[in-house]
Amino acid sequence: MSPTPAQEAVTVRTFVQRFSATRRGARLARRLAVHQLDQWGHPYGTPTSDTVALLVAELAANAVLHGRVPGRDFELRLHQTPDRIRVEVSDTHPAHPKLPAQDPTAEGGRGLLLIEAVATRWGTSPRTGPGKTVWAECDTYKHPAECRYPNGEVSTIG
């Protein structure tokens, strides 16, 4: 009988919180997300923190503006693995988001385009109960002092 190969321990962390489907709730979701990332070792102002803050801001804004059902909250879930952070925002509206046609004169409608630009991957998935979950992922890097922006640029933190 051959010995079982040793497996490396994998740290997986999850943060879940519900917020009122208001602009204030969306703002609070972004602030708590970057605070949680700081607790997980991704300090404020690092590329990982900034990318996740943008993803949360856009997904929460979409939940508040387009996914709002009166009297229902939205849920933020952050899921960290050693190489990735997944942001999930669930709301109770059944409509799924679509990338808009690009109109340079439009005042809004760029949120999903921003998500498409900065996320490693994004999409939608069903949820238990009414509505859907919109998620986006960004890569992290093993050495905490070195972070990589989505465009490939490297930032070294003191």
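Q: What makes a residue of the protein chain count as buried, and what share of the 158 residues does?
A: Buried means under 20% relative accessible area, exposed over 50%, and partly exposed in between, with a 1.4 Å probe and protein chains only. By that cut-off, 35% of the 158 residues are buried. This is a predicted model: local features need pLDDT of at least 70 and side-chain atom pairs count only at pLDDT 80 or more, while totals for chains, interfaces and linings use all residues. Residues are numbered from 1 along each chain as its sequence is written, and side-chain values use heavy atoms, leaving out hydrogens and water.

Q: Why is the largest nonpolar core called that?
A: A nonpolar core is a set of buried Ala, Val, Leu, Ile, Met, Phe, Trp, Tyr and Cys residues joined through side-chain atoms within 4.5 Å. The largest such set has 28 residues; Val 52, Leu 55 and Phe 74 are among those that touch the most other members. Helix H2 (47–65) is one of the contributing elements, and H2 gives the most, with seven residues. Helices are DSSP runs of H or I with at least four residues, strands runs of E with at least two, numbered from the N terminus.

Q: How do you know that S2 and S3 pair?
A: Two strands pair if DSSP finds at least two bridges between them. Seven bridges join S2 to S3, so the two strands count as paired; they run antiparallel.

Q: What makes S1 and strand S4 (121–126) edge strands?
A: The open sheet has the order S1-S2-S3-S5-S4, and S1 and S4 each pair on one side only.
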